[in-house]
Amino acid sequence: MDRSIQVIIVHILIHLGIVFFIFPTSIIDCTKEAHWISILLSFLLHWFLIYIYTKGLSRFEGQNLMDIYLQYGKLLTAIFLLPLFVYLSMLASVTIRAYAETISLVFLSYTPLWATMLLIAIISAFISSLDIHALFRTGVLMGVIFFPLILFVLCMAFQNVDWHYVFPLWSNDFSFLTNPKYMESTFACGFMYLGFIQPSIRYNRKKILWWSITLIPFYLIAVYIPVLTFGEDTAAKFYFPFITAVDTIDITWLMFDRITMFFLLCTVTFFMLFVSLTVWVNTEILKRCLPKTVRTPYIVIALHLLIFISGIKIRDLQEVDFLFDVNAWLHTYNYLVIPFSIYILGWISRRKAATAV
Amino acid sequence: MELVDRIRSRFEQDGDFFIEEHIWAGRPVRVMGFKSLIDLPRTWANLQLSIREADWDGSQDPIAFLSVLSQLGQVLSEPNEDTLYSALTSGNLIVCCPDPQVYLQILPVPVTLHRGIEQPLNENVLQGAASAFSDDLLTNVGLMKKELNTEKLCTKMYLTGKNTPRKITLMYLEGQVKPDLLREVKERLEANKHQDIYNVQRLSKSLGFHPWSALPKFYTTEMPIEAAYALRQGRLLLFIDRLPLALILPALVSDIFMMENDRNYSAMFMYIIRGLRLAGILIDLIIPALYVALVSVNPEVLRIELALTIAESRSGVPYPAFVETMLLLIVLELIIVASVRLPKSIGPTLTVVGGIILGQAVVQARLVSSLLIIILAATSIASSTVVGFQNSLPLRLYKYLTLILAALFGILGIMSGLVILCAYFASATTYGIPYLHFFKQKDDSSG
């Protein structure tokens with residue numbers, strides 16, 4: 001059964017969950033004007049990688065990433081999947097900390113960080129302990145409930161914009177390409193799961209590719225709302241420019257003063273989905289390495305404990321930033337090497353099949 | 001001891017049992033049965049009519065006598081105690097003929113021991129067929145046959161249980177039903193035939209469902225129109241004898257807010273009504289939790305005027321918002337639980353006492369804020385907007401999850417509660433069919 005719609009919705013949701021936080025900060029930090037160039041370049045790269053990745057995967061009907069690599073030996077599997085495993089674990093624990101910090105900064109100042117992190121970890125553990133079909137159905141239901149709220153806030157976010165800040169529209173300064181921060185910004189993508197959900201969840205890769213284009217407006221909004229509201233120079237001074245920009249919205253007919261909270265919380269719920277999907281991928285990897293007697297719920301709980309404890313061990317936001325920088329290297333490695341390796345392996349296997357005939 | 005004597009001694013203490021000697025065509029016979037199950041005067045009249053019509057001159061010839069007897073009822077080929085007991089308890093008349101030794105099972109005129117076809121008692125119908133299922137199994141099956149005039153409607157009867165046998169009927173539409181679902185249910189019913197199944201819990205146990213599931217596994221309805229709709233969607237119907245409900249398997253999320261009877265309105269109003277039901281679900285889950293979150297954890301979210309109003313209405317309330325809300329919610333649950341079972345004459349008194357007197361007094365005594373009373377009223381109304389009582393029960397439970405999480409984490413807690421519920425809904429499946437599945441009605445292309 002084709003479940004492309006579920007995959008598309010989850011794909012969009014998890015990107016919405018991460019795009020409004022780090023992405024605007026990095027883009028505004030490394031680009032002074034004409035941000036759309038850097039945003040679109042970043043998105044294009046992201047899209048191209050998905051294209052390569054799914055193209056490679058489509059050559060192996062009904063196999064997931066591990067099946068494919070294992071055909072070519074355990075060493076190759078370790079070379080490709082070990083960094084992915086480390087990267088995803090690190091990503092989950094660093095982002096869980098970053099989100100907990102944000103939540104505590106914005107509205108739960110009296111709640112200890114560990115409590116917020118524990119809540120996120122427990123919910124994500126619950127979701128990833130369900131089977132993958134349930135995870136995707138959860139995504140769809142969450143999309144139905146929370147997406148309208150996000151859309152409402154995004155429309156309202158244009159309240160205080162000054163369109164003059166759009167200019168200049170063009171800039172010849174491409175120095176951002178060499179900025180490590182920019183590399184970090186492409187962090188706002190998580191599509192590795194696409195290689196793991198086959199064959200239990202089948203999807204049409206073309207639909208995924210076309211529908212992921214609908215993310216462009218969100219990428220643009222995430223950067224342009226703070227820029228248009230505050231201007232480039234002011235926006236660069238904020239730690240979370242988008243959240244601050246949303247905080248300026250004032251809707252007289254609404255009983256709530258701060259709709260930031262609803263926006264932020266919706267993205268937090270999407271982020272929970274993201275963490276659970278990430279841990280699910282790691283669980284799938286671990287399941288192959290561990291003996292079959294180890295039951296999946298134990299792996300899920302262990303992985304979440306790992307994430308939770310390493311999240312607590314991080315000292316402060318500076319360290320979060322530092323870890324993001326470190327992770328950016330792993331990120332680049334994974335997001336370049338895995339799609340291309342799969343593409344090349346697909347090509348090789350097709351050639352083999354052709355010569356065999 | 002002869003079989004008849006054993007039966008007589010078995011039921012010696014039973015005042016309901018009768019055994020009488022009669023002379024039929026010059027031969028002595030013994031007739032037995034239960035007075036409460038058999039309409040005796042009419043049965044005698046019928047029997048005498050048949051005997052008079054029958055040709056009795058073979059009274060001397062045993063073979064002719066046998067052939068005549070077999071016209072009156074069914075001759076039991078291998079009579080033993082068990083078959084006779086079960087024939088007697090299920091309301092048959094047993095005729096014992098000593099020479100030649102023959103046991104005859106006659107279908108008598110039964111005493112009507114069930115109500116007729118009435119309006120549904122658990123739900124009200126507006127602008128729709130009002131006949132509801134009743135306690136009698138065959139009446140219910142008949143109602144379904146009337147509703148769906150097709151030869152594709154299949155009925156399968158099961159007699160379950162050893163101690164207290166009970167009939168169960170499985171109905172489905174051939175060609176529409178999901179084959180895997182049908183196979184699973186049939187296999188399990190066959191395998192657990194020996195279990196006594198006389199309530200829904202036992203049925204779901206024999207079908208292999210988890211007993212602690214907080215989502216209904218069956219969509220129960222009293223209305224044939226809803227049951228027929230479910231059959232057309234490819235679902236199954238189960239009837240338990242003496243239970244005036246159709247148990248539709250599997251229950252789906254759409255049952256919470258969609259009814260077939262909605263289609264008797266124009267499409268726009270149908271969607272509005274369904275939208276209101278959905279809104280009711282969300283309000284029920286969110287509003288009490290939102291009150292606690294806004295009052296005790298995140299007051300800064302509110303507009304300052306509103307925050308002041310709430311603070312004013314809460315001035316003098318001696319305990320935290322969570323305790324306040326819990327207290328009144330529990331009182332409210334008590335009112336609902338009590339009023340469900342009370343006779344109609346006392347029910348309104350309770351509602352007045354609970355609603356007006358308690359509500360008014362508790363606010364005047366400054367034990368809870370007046371805003372909370374409004375919120376609770378909204379909540380209890382909202383939780384009743386859903387279709388079916390069995391769907392409103394879990395909703396009443398879920399709101400405590402969001403409430404507790406809201407007391408701990410404020411609005412983050414509410415959202416987390418909703419995520420947990422989403423995941424719980426998503427994880428529920430019945431024989432591989434997810435709870436969040438939407439079945440399409442197959443027979444009409446217009447949908």
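The centres of domain 2 and domain 3 of chain B, taken over C-alpha atoms, are separated by 35 Å. Before going on, note that this is a predicted model: local features need pLDDT of at least 70, side-chain atom pairs count only at pLDDT 80 or more, and totals for chains, interfaces and linings use all residues. Residues are numbered from 1 along each chain as its sequence is written, while chains are lettered from A and ligands numbered from 1 in the order in which they are written.

Back to the domains, whose bounds come from an automatic or database domain assignment. Chain B is split into domain 1 (3-106), domain 2 (137-250) and domain 3 (267-429). Six residues of domain 2 of chain B are in contact with six residues of domain 3 of chain B, where contact asks for C-beta atoms, placed from the backbone, within 7 Å. On the domain 2 side you'll find four nonpolar residues, two polar ones and no charged ones. Here Ala, Val, Leu, Ile, Met, Phe, Trp, Tyr, Cys and Pro count as nonpolar, Asp, Glu, Lys and Arg as charged, and the others, Gly among them, as polar.

Now for the sheet. Five strands of chain B line up as an open sheet in the order 6-7-9-10-8, with antiparallel pairing. Strands (E, at least two residues) and helices (H or I, at least four) are DSSP runs numbered from the N terminus, and two strands pair if DSSP finds at least two bridges between them. At the edges sit strand 6 (153-160) and strand 8 (219-221) of chain B, each pairing on one side only. Ignoring direction, neighbouring strands in this sheet are turned by 25° against each other on average.

Four bridges tie it to strand 7 (residues 166-173) of chain B, with B:F239 as the bridge partner of B:T169. Buried means 20 or more other C-beta atoms within 10 Å of the residue's own, with C-beta atoms placed from the backbone.

Neighbours within four places in sequence aside, its contacts are B:M171, B:Y172, B:A227, B:A230, B:L231, B:A246 and B:I248. A nonpolar core is a set of buried Ala, Val, Leu, Ile, Met, Phe, Trp, Tyr and Cys residues joined through C-beta atoms within 7 Å. The largest such core has 197 residues, and those with the most contacts inside it are A:L273, B:L237, B:I248, B:V292 and B:I414. Helix 13 of chain A gives the most to this core, with 17 residues.

That brings us to the contact between the chains, which takes 24 residues from chain A and 23 residues from chain B. Helix 6 (113-129), helix 7 (132-156) and helix 13 (260-289) of chain A each supply at least two residues of the chain A side. Helix 7 of chain A gives the most to that side, with six residues.

Methods: Contact = placed C-beta atoms within 7 Å. Axes fitted to C-alpha atoms, helices over the stretch in contact; angles between N-to-C directions. Buried ≥ 20, exposed ≤ 12 C-beta atoms within 10 Å, placed from the backbone.
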